[in-house]
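Hi everyone, thanks for coming.

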Amino acid sequence: MDDDSSAIDIEGHSLEPDYADSYYWLTIPSVQKEVDVFYVYPTVSSSPDGFMDITSDDERALAQGIFDAQASVYTSHANVFAPLYRQMSTQVTMAPDMLATDTEEFKRGAVDVQEAFEYYITNLNEGRPFIIAGHSQGTMALIELIKNRFGDDEDLRNRLVAAYLIGYTVTDADLEAAGLTAAQGADDTGVVVTYNTQSVTSVGGPMLMAGAHCINPLNWKTDDTYAPASENMGARFYNDSTGEFLREVENYSDAEINPETGALMTTIPEGEELDIGAYPEGVYHRYDYAFWYRNLEKNVGDRIDAYLNQMAGSNS
């Protein structure tokens with residue numbers, strides 16, 4: 001690591017995380033439910049150093065904001081553990097043919113996520129079933145984690161309720177390395193749930209690459225079966241920076257998979273103006289959780305129930 005990665009901030013905290021110290025976690029909940037979630041937040045940092053300063057109050061607040069907006073999908077069903085990590089910031093420059101996963105800054109953050117997971121499994125999980133979940137760069141780091149840790153660890157695979165790896169491409173090669181399969185329905189377990197949201201006219205963005213798996217979060221099918229907006233239980237919008245709830249809209253938008261690209265296509269309400277950031281036209285990456293919020297929330301509960309019922313059946 002660079003010398004600055006082990007520096008000390010003015011409060012005496014190292015910039016290099018020690019996950020035995022609760023300071024380096026967004027949340028370590030009191031355990032009240034049968035299942036955990038290990039959640040990794042997406043890119044929030046614009047640090048000029050190229051990686052998130054996890055001792056910065058401002059950057060920590062941004063991570064908390066997106067946690068409130070996204071991880072609230074899981075909190076009604078599970079104990080949600082979320083580490084801070086030195087993610088790649090938006091200030092990293094890359095060559096045109098370079099993937100973010102090839103950068104040293106991303107790799108540093110991915111190592112942090114794996115070390116946080118190791119600490120969680122060894123010291124916090126206590127043998128409970130668990131979900132892993134993330135978005136965007138968080139999902140990118142979790143893909144590295146499952147490839148490195150799950151393929152040769154049957155116990156981890158057996159305790160995995162599901163992996164919600166949303167907002168990045170998950171390929172057959174990723175799944176093979178992890179010893180996992182892509183979700184095929186609403187309540188299969190030990191599977192990977194993944195999709196990337198865009199408009200019908202969009203040509204896609206940097207998160208959608210060749211070989212992407214996709215499941216439709218309205219009907220939980222993997223083919224091109226159309227799901228009308230009437231199946232959308234509720235989109236839920238937040239200020240991602242602060243976590244402030246803004247509005248909820250039932251029957252917000254429809255969903256259909258493009259079988260050629262693996263994109264999750266949707267048409268948002270007429271007149272709706274959304275800030276999609278720096279992404280190309282119609283790339284709704286920032287809304288991968290928001291558009292399908294209530295359907296995702298229900299699905300988390302459905303998969304947990306299915307898993308616990310399977311376990312009860314096998315132990316009877």
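Predicted model: local features only at pLDDT ≥ 70, side-chain atom pairs only at ≥ 80, totals over all residues.

With a cut-off of 30 Å³ or more, the structure holds 1 cavity, and about 70 Å³ of space lies in the largest cavity. Which residues line the largest cavity? Asn 196, Thr 197 and Gln 198 do, together with the run Gly 204, Gly 205, Pro 206, Met 207 and Leu 208, and then Tyr 279, Val 283 and His 285. That lining divides into 5 nonpolar and 6 polar residues, with no charged ones.

The largest pocket has a volume of about 1,200 Å³. Its lining counts 44 residues, and the closest to the pocket's centre are Thr 43, Ser 136, Tyr 279, His 285 and Arg 286. Helix 1, helix 4, strand 9 and strand 10 each give two or more residues to the pocket lining. By class, the pocket lining has 27 nonpolar, 12 polar and 5 charged residues.

In soluble globular proteins, nonpolar side chains tend to be buried together. Here, the largest nonpolar core has 94 residues, and helix 3, residues 104–124, gives the largest share, 8 residues. Among the residues with the most contacts inside this core are Phe 38, Phe 117, Ile 132 and Tyr 164. Take Ile 132: leaving aside residues up to four places away in sequence, Ile 132 touches Phe 38, Phe 117 and Tyr 164, as well as others including Leu 142 and Ile 146.

Technical notes. Residues numbered from 1 in each chain as written. Heavy atoms only, no water. 1 Å grid on protein atoms, 1.4 Å probe; cavity = no way out; pocket = protein on both sides within 12 Å on 5 of 7 lines; lining within 4 Å. Points joined across faces, edges and corners; volume = space filled by probe spheres on them. Helix = DSSP H or I, 4+ residues; strand = E, 2+ residues; numbered from the N terminus. Nonpolar A, V, L, I, M, F, W, Y, C, P; charged D, E, K, R; others polar. Core = buried A, V, L, I, M, F, W, Y, C linked by side-chain atoms within 4.5 Å. Buried < 20%, exposed > 50% of the residue type's maximum accessible area, 1.4 Å probe, protein only. Contact = heavy atoms within 4.5 Å.
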